Amino acid sequence: MKCERCNLRLTAYLDGKLNARETRELSEHMANCRRCSEDLREFEQIRAILKGLPAPAPRPGFWDDSIRAVRMLAVQKRRMRRLDFRYASGLAAAIGIVAVLLSFPHGTDRVPLPLPETAINPASLVSLYARERGRSPLADVGKLRFASSQAEAADIEDNGRLDVQ
Amino acid sequence: MTARRDNEIERFEALVREHQSAIYRVAYRLCGNQDETEDLIQETLIESFESFSRFRPGTHFDRWVFRIMRNTFIDGVRRRPKVRIESLDAGVPGAGGELQPREIVDLGSSPDATMMAQTLDEPIQRALDALPEEFRLVVVLADIEGLTYEEVSEAARCPIGTVRSRLHRGRAILKEKLKSYVRF
């Protein structure tokens with residue numbers, strides 16, 4: 001085994017991560033190579049020094065502050081969720097109201113004319129329709145024909161204004 | 001819902017208290033100073049609490065936190081501007097401002113590595129700071145915290161072969177850096 005190959009495996013050798021064959025090869029090489037066995041000793045020392053580093057101490061109250069920060073975050077998030085729910089509810093209500101308002105007819109030309117529910121006077125009905133020139137919702141042809149015939153029967157002479165086809 | 005959340009905070013706090021020394025140790029050795037350590041820990045704790053529902057009870061809480069800390073640390077490093085790294089081979093400024101050679105500890109005459117580590121805490125930390133972040137993470141987790149290669153692999157999110165090579169190269173760099181201080 002060459003020193004270069006041995007050196008690349010020193011850390012794994014030190015940590016017992018090589019298989020049996022590789023471990024034996026490295027052991028044999030180092031028994032005859034002072035440089036590689038020195039390298040191994042230095043790696044071992046570095047590992048021991050790192051392991052022996054003193055534990056750093058946090059400033060007093062650091063952990064209490066950190067835990068408090070997490071608690072505050074949790075409370076804030078809970079509040080945000082509640083607010084989100086309220087906003088969502090308000091938004092849904094607003095959308096509903098707008099939708100209802102939009103569903104109503106708007107504009108002057110769509111407002112239905114007041115219709116008499118009972119006791120239709122055929123003459124006034126025909127003249128009303130003639131005046132509106134078919135724009136009113138009284139587009140019931142049968143009813144109008146009936147009204148028209150009634151009007152004729154009533155001897156109303158207004159043929160020039162009647163526009164029923 | 002609120003009671004469940006309160007209970008979650010209690011459990012989280014208990015686990016943090018139990019592992020606070022290890023969490024602080026790893027964070028400190030990654031950052032190298034108290035201010036950044038505190039920032040890293042607080043960010044990590046907040047991230048950890050956010051993901052706490054994914055923590056499996058009965059597994060190692062500290063290893064789970066280290067995994068989150070790794071992400072927070074690496075993200076933080078990427079966001080930070082590059083800093084100048086001081087060479088350990090250079091001298092140190094003396095009282096009059098002139099450069100003086102660093103004090104070198106002879107490890108051969110004082111084989112107690114623990115005492116050596118305590119004496120050399122600052123230079124060792126500077127040598128750690130000089131390592132690339134991913135190497136530093138692996139060295140800190142394996143050599144300071146004593147995690148197995150498998151545990152380091154999981155925390156550092158890299159294959160075991162990568163752990164092995166990073167650990168080797170990290171230790172080799174430290175060995176070279178500390179030669180100015182330690183006569184092996």
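Leaving aside its neighbours within four places in sequence, with which residues is Lys175(B) in contact?

Guide: The model is predicted, and local features need pLDDT of at least 70, side-chain atom pairs count only at pLDDT 80 or more, while totals for chains, interfaces and linings use all residues. Residues are numbered from 1 along each chain as its sequence is written, and chains are lettered from A and ligands numbered from 1 in the order in which they are written.

Once neighbours up to four places away in sequence are set aside, Lys175(B) contacts Glu42(A), Phe43(A) and Ile46(A); two residues are in contact if their C-beta atoms, placed from the backbone, lie within 7 Å. Lys175(B) belongs to helix H8 of chain B, helices being DSSP runs of H or I with at least four residues, strands runs of E with at least two, both numbered from the N terminus. With 18 other C-beta atoms within 10 Å, Lys175(B) is partly exposed. On this scale, 20 or more such atoms make a residue buried, 12 or fewer make it exposed, and partly exposed lies in between, with C-beta atoms placed from the backbone. Ala127(B) is 48 residues from Lys175(B) in sequence, yet their C-alpha atoms are 9.2 Å apart.

The helix itself comes next. The 18 residues of H8(B) should span 26 Å at 1.5 Å a residue, and the end C-alpha atoms, 25 Å apart, agree with this; the expected span is 1.5 Å times one less than the number of residues. The buried residues of H8(B) include Arg164(B), Leu167(B), Gly170(B), Arg171(B) and Leu174(B). The buried residues of this helix pack against elements of both chains: helices H1 (3–8), H2 (10–14) and H4 (34–51) of chain A, and H5, H6 and H7 of chain B.

Of these partners, H7(B) (residues 149–156) packs on H8(B) (residues 160–177) at an angle of about 100°, with the axes 9 Å apart. The two helices are therefore roughly perpendicular. Axes are lines fitted to C-alpha atoms, for helices over the stretch in contact, and angles run from 0 to 180 degrees between N-to-C directions; under 35 degrees is roughly parallel, over 145 roughly antiparallel, 65 to 115 roughly perpendicular and the rest oblique. From H7(B), Tyr149(B), Glu150(B), Val152(B), Ser153(B) and Ala156(B) meet Ile160(B), Val163(B) and Arg164(B) of H8(B). This contact comprises 5 nonpolar, 1 polar and 2 charged residues, where Ala, Val, Leu, Ile, Met, Phe, Trp, Tyr, Cys and Pro count as nonpolar, Asp, Glu, Lys and Arg as charged, and the others, Gly among them, as polar.
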